[in-house]
Amino acid sequence: MGDTVDEKDSFYSNAEKYWRDITPTVDGMLGGYGSISNIDLNGSKAFLQKFIGEGEGKAGSSCALDCGAGIGRITKRLLLPLFRTVDLVDVTQEFLDKAKTFLAEDGKRVAKYFCCGLQDFVPEEGRYDVIWIQWVIGHLTDEHLVEFLRRCQSGLRPNGLIVVKDNVSFEGVVPDVVDSSVCRDMAILRNLVRQAGLRIIHEEQQMNFPKEIYNVHTLALR
Ligand SMILES: C[S@@+](CC[C@H](N)C(=O)[O-])C[C@H]1O[C@@H](n2cnc3c(N)ncnc32)[C@H](O)[C@@H]1O
């Protein structure tokens, strides 16, 4: 993640190039780890169900936003079963095109497909009960991540919730030159969340993932 304008531009354009060459499948979305998708989605469902539904302070179930949605892996099995409508945003047009068939009949309840980098995306104010951001924050610079999280906060309905689920490093910022991303440690991530004016109301580590991959943490933010 570079500091100069040129380095920032190539950080984003290299990532776009990388994803344009990836097959639009669950395995492609998960870097060859398609087999962990079920464990991931079951963990996410248990996490999200703590915060939505009836009762004081719970988020509603009318509309969710899937950020860095890819082909809609999360929309299909997590968000469409829990929300009346879902919007998807991703920088790769081919993935959003694939989502239209991958989501099948339930895809009729997708209201909007946005082809846009999250660094430029402005969620509609007050539209979303849940904004789900998974395995994509490493593609944003610190500054853009903080600004994006702030815009997400404005996109929430009353009692709405932002969820970030992503890899965390053991220590520091670990760059990945292959897909042009970074992996941050929890202290850095917590600091960026604070800078965005958000609070971590709950945090869990995803269990039962293969030992050789990064730890994955899920954060509920308000
Ligand atoms: C590891 S995949 C994860 C897809 C999905 N979140 C999932 O878990 O199945 C990363 C996704 O982020 C998208 N992406 C990469 N950089 C992005 C950016 N700057 N803004 C929006 N989406 C981006 C890619 O096109 C790809 O679909």
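These are my notebook entries on a predicted model, written as I looked up one spot after another.

**Entry 1: the ligand**

I started with the ligand.

A polar side-chain atom of Arg 73 is 2.7 Å from an oxygen atom of the ligand. The side chain of Thr 92 has an N or O atom 2.6 Å from an oxygen atom of the ligand. Gln 134 uses its backbone instead: a polar backbone atom lies 2.9 Å from a nitrogen atom of the ligand. I also noted the cover. On its own the ligand has 600 Å² of accessible area, and the protein covers 96% of that.

**Entry 2: Asp 90**

I placed Asp 90 in strand β2, residues 85-90. Asp 90 is buried, yet it has no salt bridge. How far away is the nearest side chain of opposite charge? That side chain belongs to Arg 20, and it is 10 Å away.

I then looked for a polar partner. A polar atom of the Asp 90 side chain lies 3.3 Å from the backbone nitrogen of Ala 69. Leaving out residues up to four places away in sequence, Asp 90 touches a set that includes Gly 68, Ala 69, Gly 70, Phe 95 and Phe 114.

**Entry 3: Asp 185**

I went on to another aspartate. Asp 185 sits in the loop between β7 (181-183) and α7 (186-195). Asp 185 is buried and has no salt bridge. The nearest side chain of opposite charge is Arg 190, 7.4 Å away. What does the side chain of Asp 185 reach? I found the backbone nitrogen of Gly 172 at 2.6 Å. Beyond its neighbours within four places in sequence, Asp 185 is in contact with Ser 169, Phe 170, Glu 171 and Gly 172.

**Entry 4: salt bridges**

Side chains of opposite charge can pair when their charged atoms come close. This structure holds twelve salt bridges.

I checked Glu 124. Glu 124 forms a salt bridge with Lys 112, with the closest N and O atoms 3.4 Å apart. Glu 124 lies in the loop between β3 (110-115) and β4, while Lys 112 is in strand β3, so the pair ties together parts twelve residues apart in sequence. Glu 124 has 41% relative accessibility and counts as partly exposed. Lys 112 is partly exposed too, at 31%.

Glu 124 has another salt bridge, with Arg 127, where the closest N and O atoms are 4.0 Å apart. Is Arg 127 buried or exposed? I read 17% relative accessibility for Arg 127, so it counts as buried, since the cut-off is under 20%.

Then I looked up Arg 190 again. Arg 190 meets Glu 203 in a salt bridge, 3.2 Å from N to O. This pair links distant parts of the chain: Glu 203 is in strand β8 (residues 200-205), Arg 190 is in helix α7, and they are 13 residues apart. Glu 203 is partly exposed at 26% relative accessibility, and Arg 190 is partly exposed at 39%. I also noted a network: salt bridges that share partners join Asp 87, Lys 112, Glu 124 and Arg 127.

**Entry 5: Ile 131**

I found Ile 131 in strand β4, residues 128-134. Ile 131 has a relative accessible area of 0%, so it is buried. Setting aside neighbours within four places in sequence, its contacts include Leu 65, Cys 67, Cys 152 and Val 163. I also compared Ile 131 with Ile 200. They are 69 residues apart in sequence, and 14 Å apart in space from C-alpha to C-alpha.

**Entry 6: positive phi**

Last, I looked up backbone angles. Ser 180 has a positive phi, near 55°, and is not a glycine. Ser 180 lies in the loop between β6 (174-176) and β7. At 8% relative accessibility, Ser 180 counts as buried.

Asn 208 also has a positive phi, about 70°, without being a glycine. I placed Asn 208 in the loop between β8 and β9 (215-221). Asn 208 counts as exposed, at 65% relative accessibility.

Technical notes:
Residues numbered from 1 in each chain as written. Predicted model: local features only at pLDDT ≥ 70, side-chain atom pairs only at ≥ 80, totals over all residues. Heavy atoms only, no water. Helix = DSSP H or I, 4+ residues; strand = E, 2+ residues; numbered from the N terminus. Buried < 20%, exposed > 50% of the residue type's maximum accessible area, 1.4 Å probe, protein only. Lys, Arg positive; Asp, Glu negative; His and termini not counted. Polar contact = N/O pair within 3.5 Å; in protein donor to acceptor, adjacent residues only side chain to side chain. Contact = heavy atoms within 4.5 Å. Areas by Shrake-Rupley, 256 points an atom, 1.4 Å probe, with all protein chains shown as cover.
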